[in-house]
Amino acid sequence: MTATVIELDQDGPAAILRIEGDVTSASEADLMAAYGLAAANGATAVILDFSKLEYMNSGGIGLLVTLLVRARRGGGRLVATGLSEHYRQIFSLTRLDEAIEIYDDDAAAMVAATA
């Protein structure tokens, strides 16, 4: 298992969380801390960049649901980019794609997130 590394890149009301490695239930503290920092800095839209994702299990999917609930309660939204075809299918099967918009790249996600 690879550790989760999350880099925060923020410009105004939109933030990008660049996720590298594995997303499992063990990623909770790191992901929530990064999201909390982005929100504290005024982000109303958070882009989850999965282009360097190596692995995500059901615990990771559950963590994304928890993050989605937190974002919505705070009046924010989540957008995803960089998902492989495999993880796009998982988002579809779990219906996460109905709650988290998916884009092909950071530029398209940024446009959508700030619209």
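How do the axes of helix H1 (residues 28-40) and helix H2 (residues 58-73) cross, and within what distance do they come? In this predicted model, local features need pLDDT of at least 70 and side-chain atom pairs count only at pLDDT 80 or more, whereas totals for chains, interfaces and linings use all residues. Residues are numbered from 1 along each chain as its sequence is written, and side-chain values use heavy atoms, with hydrogens and water left out.

The axes of H1 and H2 come within 11 Å and cross at roughly 25 degrees, so the two helices are roughly parallel to each other (angles under 35 degrees count as such). H1 passes H2 in a right-handed crossing, the near helix being turned clockwise from the far one by less than a right angle. Glu-28, Leu-31, Met-32, Tyr-35 and Gly-36 of H1 make the contact with Leu-63, Leu-64, Thr-66, Leu-67, Arg-70 and Ala-71 of H2 (heavy atoms within 4.5 Å). By class, this contact of H1 with H2 has seven nonpolar, two polar and two charged residues, with Gly counted among the polar ones.

The count of aromatic pairs comes to one, where ring centres must lie within 6.5 Å. This pair, formed by Phe-50 and Phe-91, is edge-to-face, at 6.2 Å centre to centre and 75 degrees between the planes (over 60 degrees counts as edge-to-face). Because Phe-50 lies in strand S3 (residues 45-56) and Phe-91 in helix H3 (residues 85-93), the pair ties together parts that are 41 residues apart in sequence. Phe-50 counts as buried at 3% relative accessibility, and Phe-91 counts as buried at 0% (buried means under 20% relative accessible area, with a 1.4 Å probe and protein chains only).

Conventions. Axes fitted to C-alpha atoms, helices over the stretch in contact; angles between N-to-C directions. Helix = DSSP H or I, 4+ residues; strand = E, 2+ residues; numbered from the N terminus. Parallel < 35°, antiparallel > 145°, perpendicular 65-115°, else oblique. Phe/Tyr/Trp six-rings, centres within 6.5 Å; stacked < 30°, edge-to-face > 60°. Buried < 20%, exposed > 50% of the residue type's maximum accessible area, 1.4 Å probe, protein only.
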